Every structure is written in structure tokens, then in C-alpha cells.
Amino acid sequence: MRHPFIAGNWKMHKTVHEAVVYVKEFRSLVKDIEDVEIVLAPTFTAIHACAEAARNSKVGIAGQNLHWEKQGAFTGEIGAPMVREAGADYVLIGHSERRQYFGETDQSVNRKLGAALGAGLIAIVCVGETLDERERNQTLAVLDRQIKDGFDGITGDQIAGLVVAYEPVWAIGTGRTATSALAQEVHAHIRQRLRQWFGAPAADQCHVIYGGSVKPENTKELLAQPDVDGALVGGASLDIKNFFEIVNRSRG
Ligand code: PEP
């Protein structure tokens, strides 16, 4: 049985102070929620302070990115053990903004995933098609490529413990959400591929979550789909009440 998994991606928002104020208030709001895995992804500079503020609470902390090397001459980058040491238990990999603006590829996603797993981080691997790819009927082929190449060399056991976030690029930050039927269709396809390529335990245990303009009003319907195990929330997670409402509405 997969419990709901709700993650907030703050992108390049919130100072350390703002982030800590949020986490302190949020941990008390969710203190009695046992049945949802809740994660917040602040900027790198706020990870440590947020992890301290979230200590012994229901809130986990994620990095938004990492480098595949542990250390070295890579100015401006951060290695997986450093993200972990700062206090993160999770990390986002291959977010579409990273793919779109920073040249990330399925190959770099694959290397980063290996690094994250090596450092003991739970990876939230983002996949999804652009509007152009959808209009050219390439959605499932794009996802197949992103999963095949992104997860190359990763074992079924490792995949069972990670999270795949399906985020259609045309729905991110646009206010345009995939319908619940469309999300279900794609999530079922992803799960079927995980089963085919990595085995039943990987497919049954891996969380496949949806991202793209999730807000309190559409949470229940999306999460009611059998293969939608949670949500990756951008804009709506910046507001504590909205994010709490999303967590609340994700519960069965
Ligand atoms: C995201 O950043 O992963 C995201 C889904 O953003 P938004 O919820 O704002 O569309």
C-alpha cells in the first residue's frame, strides 16, 4: 500500500529566514498526520536551517539538484554527500526547469541518480513531455526514453525506494493542469514500464506522483486516481495554507 507523497518545490524562492519561519509553523500544522509523506525542497542555502527546524517532525527536506561527482573542480556545484550532510533526506533530479535552462539530459539525470543513491538520498526523478512533444503524439515515447536512459543501470530494489514525478512541462507554472484521466493514463503507462523493465516490486512500491499546477482545488480528484500516488507542488507550496490544504486533501 503506497501512502500519499506530497512534495513542495520552492524553486528559487524564500530567504533562509522565510524558509525557517514556514517550516516551524508547518511542522506544527502537520504534527498529527501519519499517513502522508511530506517533503519541502528549499534552496541550497536554506537546506541546513530547514532541516534543523524540521528535526523530529513529519516534514522531510529535499535538495533541488546535485552534481554527480562527490567533489572536485566544479565551480558552483554541490555534491550528493554535501546535500546529505546539509540535512536533506531527498533530492529532486531532472526537473524540467533544469532540463530546459541548464542543459540536463537523461544521461546527466542517470549520473545524478547514481550519485544520489550512493549518498543515501531518496531521489524524486522528474519526467514529462513538452507541449510540442504532446502535440506530435510523442508523450509516451518521450517518457519511455527518459525512464530507460535515466534509470539505466539502476536496480529494481533501488527503484522501489524512489519517487518518479510525472510533470508535463506544459502544465508547470502555467495554471494548466492535466485532467485526472490524462494523469492516470500516463501514470499507468509509467508503472507498466517500471514493471516490464525493473520488475513487479519496483512498479508496486515506487511512488509515481503528479506535478503541474496542483492546487487545493484539484488535489482530491488527481489523488483519487489509482496510479497517482501524490503530488510535486511548485507555486502553491509557497503559501503555507495552500500547501497544508493539499496535504490534507491528499488523505484517503
Ligand atoms: C514544479 O515546480 O515542479 C511544479 C509542478 O510547479 P507548479 O506547481 O507551479 O506548476
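Which residues of helix α2 (residues 44-53) are buried? They are A46, I47, C50, A51 and A53, where buried means under 20% relative accessible area, exposed means over 50%, and partly exposed lies in between, with a 1.4 Å probe and protein chains only. These residues cover an arc of only 150 degrees around the axis, which puts them on the same side of α2; the arc is that of the directions from the helix axis to the C-beta atoms.

This is a predicted model, in which local features need pLDDT of at least 70 and side-chain atom pairs count only at pLDDT 80 or more, while totals for chains, interfaces and linings use all residues. Residues are numbered from 1 along each chain as its sequence is written, and side-chain values use heavy atoms, with hydrogens and water left out.

## The whole protein

The secondary structure of the protein comes to twelve helices and eight strands. The radius of gyration is 17 Å, close to the 18 Å that the globule rule gives for 252 residues, so the protein is as compact as a globular protein of that length. That radius is taken over C-alpha atoms, and the globule rule is 2.2 Å times the number of residues to the power 0.38. Helices (H or I, at least four residues) and strands (E, at least two) are DSSP runs, numbered from the N terminus.

Along its principal axes, the C-alpha trace spans about 45 × 45 × 35 Å. Of the 252 residues, 54% count as buried. Among contacts between residues at least 6 apart in sequence, 72% join residues at least 24 apart, where contact means heavy atoms within 4.5 Å.

The buried residues of α2 pack against α1 (16-29), β3 (59-63) and α3 (80-86). F44 is also found in helix α2, but at 33% relative accessibility F44 counts as partly exposed. Not counting residues up to four places away in sequence, F44 touches N65, L66, I78 and V83. F44 and A88 are 44 residues apart in sequence, and their C-alpha atoms are 9.7 Å apart in space.

In helix α11 (residues 216-223), the buried residues are P216, N218, T219, L222 and L223. Seen down the axis of α11, these buried residues fall within an arc of 150 degrees, so they line one face of the helix. The exposed residues E217 and E221 are carried on the face of α11 turned away from its buried side. The partners against which the buried residues of α11 pack are α9 (180-198), β7 (207-211), β8 (230-233) and α12 (240-249).

## Residues with a positive phi, and a buried asparagine

Most residues other than glycine have a negative phi, and most peptide bonds are trans. K11, which is not a glycine, has a positive phi of about 50 degrees, and K11 lies in the loop between β1 (5-9) and α1. For N56, another residue other than glycine, phi is also positive, near 55 degrees, and N56 is found in the loop between α2 and β3. Is N56 buried or exposed? At 76% relative accessibility N56 counts as exposed, whereas K11 at 19% counts as buried.

N110 lies in helix α5 (residues 106-118) and is buried, with a relative accessible area of 18%. Leaving aside its neighbours within four places in sequence, N110 is in contact with D149, G150, F151, D152 and I154.

## Pockets

Rolling a probe the size of a water molecule over the atoms shows where empty space is left. On a 1 Å grid over the protein atoms alone, a pocket is an open set of points where a 1.4 Å probe fits, with protein on both sides within 12 Å along at least five of seven lines, and lining residues have an atom within 4 Å of a point. Grid points are joined across faces, edges and corners, and a volume is the space filled by probe spheres set on the points.

| Largest | about 400 Å³ | K11, M12, Q64, R98 and F102 |

By class, the lining has six nonpolar, five polar and three charged residues. Here Ala, Val, Leu, Ile, Met, Phe, Trp, Tyr, Cys and Pro count as nonpolar, Asp, Glu, Lys and Arg as charged, and the others, Gly among them, as polar.
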